[in-house]
Amino acid sequence: MKIRILLADRLNDRGVTRKWLSEVSGIREGTIGDYCRGWVDRMNLDHLAKICTVLNCQITDILQLVDDDTGSPIVFPTVADPERAISDVVQAIGPWLSTDC
């Protein structure tokens with residue numbers, strides 16, 4: 001699995017420039033350019049938080065998990081009823097749970 005940086009797409013969606021994001025976020029324009037081109041092996045988490053704050057988006061709007069071979073996004077199933085899912089798991093492992101601590 002790889003992580004694809006979708007920052008260029010989000011900037012285009014909002015009609016803003018790298019320069020604007022740099023000025024508003026305080027992140028060097030060159031660094032933002034590197035993120036937009038995917039020329040990084042690591043992304044500074046403070047930068048990611050600033051970008052998400054400025055663009056009012058979620059981390060998943062900026063980063064996407066993709067398959068190494070196909071380059072296709074990896075989509076994880078969602079749980080329609082999280083409380084029921086938790087209940088099912090607790091019921092399934094109940095015999096192994098101990099209340100003795």
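Predicted model: local features only at pLDDT ≥ 70, side-chain atom pairs only at ≥ 80, totals over all residues.
**View 1. Met1, in the segment before β1.**
Met1 lies in the segment that comes before β1, and with a relative accessibility of 61% Met1 counts as exposed, because exposed means over 50%. When its neighbours within four places in sequence are left aside, Met1 is in contact with Leu65, Val66, Asp68 and Ile74. Asn44, on the other hand, is 43 residues from Met1 in sequence, and the C-alpha atoms of Met1 and Asn44 are 19 Å apart in space.

**View 2. The largest nonpolar core, with its 15 residues.**
Within this core, the residues that have the most contacts inside it are Leu7, Met43, Ile51, Leu55 and Ile62. The helices α1 (7-14), α3 (29-37) and α4 (45-55) each supply at least two residues of the core, and α4 gives the most, with 4 residues. As a general background, nonpolar side chains in soluble globular proteins tend to be buried together.

**View 3. Ile62 and the residues that it touches.**
Not counting residues up to four places away in sequence, Ile62 touches Arg4, Ile5, Leu6, Leu7 and Arg10, and also Met43, Leu48, Ile51, Cys52, Leu55 and Cys57. Among these, Leu7, Met43, Ile51 and Leu55 are named, together with Ile62, as the residues with the most contacts inside the largest nonpolar core.

**View 4. The largest pocket, with a volume of about 200 Å³.**
The lining of this pocket is made by Ile3, Arg4, Ile5, Gly38, Val40, Asp41, Arg42, Met43, Leu45, Leu48 and Leu63. Both β1 (2-5) and α4 supply at least two residues of the lining, and β1 gives the most, with 3 residues. Sorted by class, the lining has 7 nonpolar, 1 polar and 3 charged residues.

**View 5. The salt bridge between Asp13 and Arg10.**
The structure holds 2 salt bridges, and in this one the side chains of Asp13 and Arg10 meet with a distance of 3.0 Å from N to O. Both residues lie in helix α1, where Asp13 and Arg10 are 3 residues apart, about one turn of the helix. Asp13 counts as exposed, because its relative accessibility is 54%, whereas Arg10 counts as buried, because its relative accessibility is 18% and buried means under 20%. Arg10 is also one of the residues touched by Ile62.

**View 6. The salt bridge between Arg37 and Asp34.**
Here the closest N and O atoms of Arg37 and Asp34 are 3.4 Å apart. Arg37 and Asp34 both lie in helix α3, and they are 3 residues apart, which is about one turn of the helix. Arg37 has a relative accessible area of 38% and is therefore partly exposed, and Asp34, at 27% relative accessibility, counts as partly exposed too.

**View 7. His47 in helix α4.**
With a relative accessibility of 18%, His47 counts as buried. Leaving aside its neighbours within four places in sequence, His47 is in contact with Ile27, Thr31 and Tyr35.

**View 8. Trp20 in helix α2 (residues 18-25).**
Trp20 is partly exposed, since its relative accessible area is 32%. Pro77 is 57 residues from Trp20 in sequence, and the C-alpha atoms of Trp20 and Pro77 are 36 Å apart in space.

**View 9. Asn56, in the loop between α4 and α5 (59-62).**
The phi of Asn56 is near 50 degrees, which is a positive value in a residue other than glycine. Most residues other than glycine have a negative phi. Asn56 is exposed, with a relative accessible area of 68%.

Technical notes: Residues numbered from 1 in each chain as written. Heavy atoms only, no water. Core = buried A, V, L, I, M, F, W, Y, C linked by side-chain atoms within 4.5 Å. Buried < 20%, exposed > 50% of the residue type's maximum accessible area, 1.4 Å probe, protein only. Contact = heavy atoms within 4.5 Å. 1 Å grid on protein atoms, 1.4 Å probe; cavity = no way out; pocket = protein on both sides within 12 Å on 5 of 7 lines; lining within 4 Å. Points joined across faces, edges and corners; volume = space filled by probe spheres on them. Nonpolar A, V, L, I, M, F, W, Y, C, P; charged D, E, K, R; others polar. Salt bridge = Lys/Arg side-chain N within 4 Å of Asp/Glu carboxyl O.
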